Amino acid sequence: MAREIPYIAAINEAIHLEMARDDSVLYFGQNLATTENDEFLKAFGHDRVRVTPISETAEIGMGVGAALAGMRPVVELYMAEFMLVAMDQVVNEAPRFRYMSGGRVKVPLVLKAGYGFTAGWAGQHTGSIYGMFMGIPGLKVVLPSTAADAKGLMATAIRDDNPVCYFHHYLLTLEPGEVPEGEYLVPFGQAAIRRAGRDVTIVATGWTVGRALAAAELLAAEGVEAEVIDPRTLVPLDIATIVTSVEKTGRVVLVDQAPRHASASAVIAAEIADVGFSALKGAIKQVTALDATVPYSEPMEAFVLPDEGKIAGAVREVLGTAPVAA
Amino acid sequence: MKELDGDRLIWMYTQMLRIREFEERVKHTFEEYPGVIRGHTHLADGAEASIVGSLATLRPDDQLMATYRCHGYPLTLGTSPDAMMAEIYGRSTGVCGGYGGSMHLVDTERGFLGTSGIVGQGIPQATGVAYAAQIRKQGQVVLCFFGDGASKQGAFSESLNVASLWKLPIVYVMENNSYNVVTRVEQEDANAAAGEPLAVKAKAFSMPGVTVDGGDPVAVYDAVGAAVDRARAGGGPTLVESKVYRLSAHGNIIAPPGVPLHYPEHEAIEVFGAREEYEAAKRGDPVPRFRAHLITAGTLSAEEADRIAADVREEMQAAVAFGIASPFPAPEAALNHVYA
């Protein structure tokens, strides 16, 4: 049975259900469960739900240790940038342990962090930094764009035996969506086709999925049918679904909220060029954030971000229906 | 903590000798079999009494984590020296199948959950293991081993704060060997520069801090044992500063491929010209010191001690032979174990 709930409620529901299902799931981090009225605390108690000091290295490192010792911690990090304080644990500890032990240990750990809060949060709380985690073998990276996926991907992340960076988009926090009740799992590595179309393939993640769908509506009015694909997980990345679409359309626009050289779209472009080149009828076009720290003031913030106008413009460009911008 | 009887003391001496002999075999491998050991190895010679005295306090279901200087712990716990040497030689028969090497030994069956090769970063991990133990309520205790240098990492301060706050069942064993790589502790530690023991750091986290002679396994057993008892009873963590003297250099030389690797002289001599400091440490070598103590006390005869030494030499020579004779992993095995 599905009903409409906000994205953030879907995430919490998944954590709650998984904690009820499995005693080894823990939930800890800064500024959570500070009173006895906390829903998680009431349901699961102080052993499994704990507030931590502002100590990211300890929080994530303890997550690694608790995971090595058989638990399934979900570490609440709030802002993706806070992981930067503890990069060694994220990049050089959690994903290395299993490999370096020759498979003798595992680290089932979820690092939950919001990203992309381009709502006047200025330069240090707005980043889309998922790209830097894509090249770390052993780490998985998840970017839900809908409330249903927010739930299903969190549940899958908690049950996964590997460290998972679960990045939820701050602009989507209150976005409602149909979400199945009860146990609901979305498998990793399966892209979702959000809109079917024959003329061009648009790949987008997180909040930009909505922007791409809005662009597709603009284009439909012009007789252009865009296919919009949401990879949902960047690691593992479902290249097959993307290439299958490109084989149909021959045209590609990649949308990403990150600056180009740190974007997932750069990696996806390289994969398409590698395994889908013969299907291409033209160059791959990327619509990414511009190469600037995200500015505070609204007009400048909007200027650096991808939007439906920029995406539609890029589609017209790859279709040759509009002159290349000067 | 239980009183140590004669058999246990002899067991401790045997383990100290095994660590020493294993490390000697590792060191000699650079000469006997050039090129067999790659990268960087770090030896525990000089810290045997501290390692064995600490681990002698544990129950079989207790757990520990350590650093890249990690050969001594699994040896004491009973991990096969054959599989350890094979790991250091990069062989498929290694304790981690050749994926980790010298710095990343693991033996989960014996409670040794692993190491970090990055200074201080294993401390929060061991703290997380202790959090899991606290929840599990089986009375398990965790030992967290690290060096003096690691105590200047944020990971140290962050972890000790949480452990004390949450009363986690963990003992932080700082093996203070007075050097971080080639820097003397007085050059980089405010407490040391002020003439205070590093154990005073515990005060900032409202936990006990004790300093012990890490060259005396019984003293270490008593100090760590009291901390383990306290942790097991729910009293929370303790910082034990165990003063040891590393008898080898920090590690083998760091050099690009083609340059034969070897162990340089200890930094006291090589960098600081302090030969007498090193010679004094050699005179205080914990292994012969403990042997003399046991013989004087009548716990062990010289003949028995010699027989133990001969057995240990044979055991570790066999480990070298096993490692050398073992096959390398198949190259394509590199893609196993990336994900669980």
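# Strands, helices and contacts

Me: How many bridges join strand β4 (residues 72-79) of chain A to strand β5 (residues 110-115) of chain A?
Reply: Helices (H or I, at least four residues) and strands (E, at least two) are DSSP runs, numbered from the N terminus, and two strands pair if DSSP finds at least two bridges between them. Here β4(A) and β5(A) run parallel, with Val75(A) standing opposite Leu111(A) in β5(A). The number of bridges between β4(A) and β5(A) is five.

Me: What pLDDT do local features need?
Reply: Residues are numbered from 1 along each chain as its sequence is written, while chains are lettered from A and ligands numbered from 1 in the order in which they are written. This is a predicted model, where totals for chains, interfaces and linings use all residues, side-chain atom pairs count only at pLDDT 80 or more, and local features need pLDDT of at least 70.

Me: What is the mean pLDDT of chain B?
Reply: pLDDT is the predictor's confidence in each residue, from 0 to 100. The model scores ipTM 0.96 and pTM 0.97. In chain B, 100% of the residues reach 70 or more, and the mean is 97.

Me: Which strands stand at the edges of the sheet in chain A?
Reply: Seven strands make an open sheet with mixed pairing, in the order β3-β2-β4-β5-β7-β6-β12 (chain A). Each edge strand has a single partner, so one side of each is left without a neighbour in the sheet; these strands are β3 (49-52) and β12 (233-235) of chain A.

Me: At about what angle does helix α2 (residues 39-48) of chain A run to β3(A)?
Reply: Angles run from 0 to 180 degrees between N-to-C directions, with axes fitted as lines to C-alpha atoms, for helices over the stretch in contact. Helix α2(A) lies across β2 (25-30) and β3 of chain A. Its angle to β3(A) is about 70°.

Me: Is Arg50(A) buried or exposed?
Reply: Arg50(A) lies in strand β3 of chain A and touches Phe28(A) and Ala33(A), not counting residues up to four places away in sequence; contact means C-beta atoms, placed from the backbone, within 7 Å. A residue is buried if 20 or more other C-beta atoms lie within 10 Å of its own, exposed if 12 or fewer, and partly exposed in between, with C-beta atoms placed from the backbone. Because Arg50(A) has 22 other C-beta atoms within 10 Å, Arg50(A) is buried.

Me: How many residues of strand β4 (residues 170-176) of chain B are buried?
Reply: Ile170(B), Tyr172(B), Met174(B) and Asn176(B) point one way from β4(B), and Val171(B), Val173(B) and Glu175(B) the other way. In a regular strand the side chains alternate between the two faces of the sheet. β4(B) is mostly covered, and its buried residues number seven of seven.

Me: Which residue is the bridge partner of Asn176(B) in β8(B)?
Reply: β4(B) runs parallel to strand β3 (residues 142-147) of chain B, with six bridges, and Gly147(B) stands opposite Glu175(B). Six bridges also join β4(B) to strand β8 (residues 238-243) of chain B, again parallel. There, the partner of Asn176(B) is Lys243(B).

Me: Which element gives the most to the side of chain B that touches chain A?
Reply: In the contact between the chains, 34 residues of chain B meet 35 residues of chain A. The elements giving two or more residues to this side of chain B are β2 (112-116), α5 (122-136) and α6 of chain B. With 10 residues, the element that gives the most is α5(B).

Conventions:
Contact = placed C-beta atoms within 7 Å.
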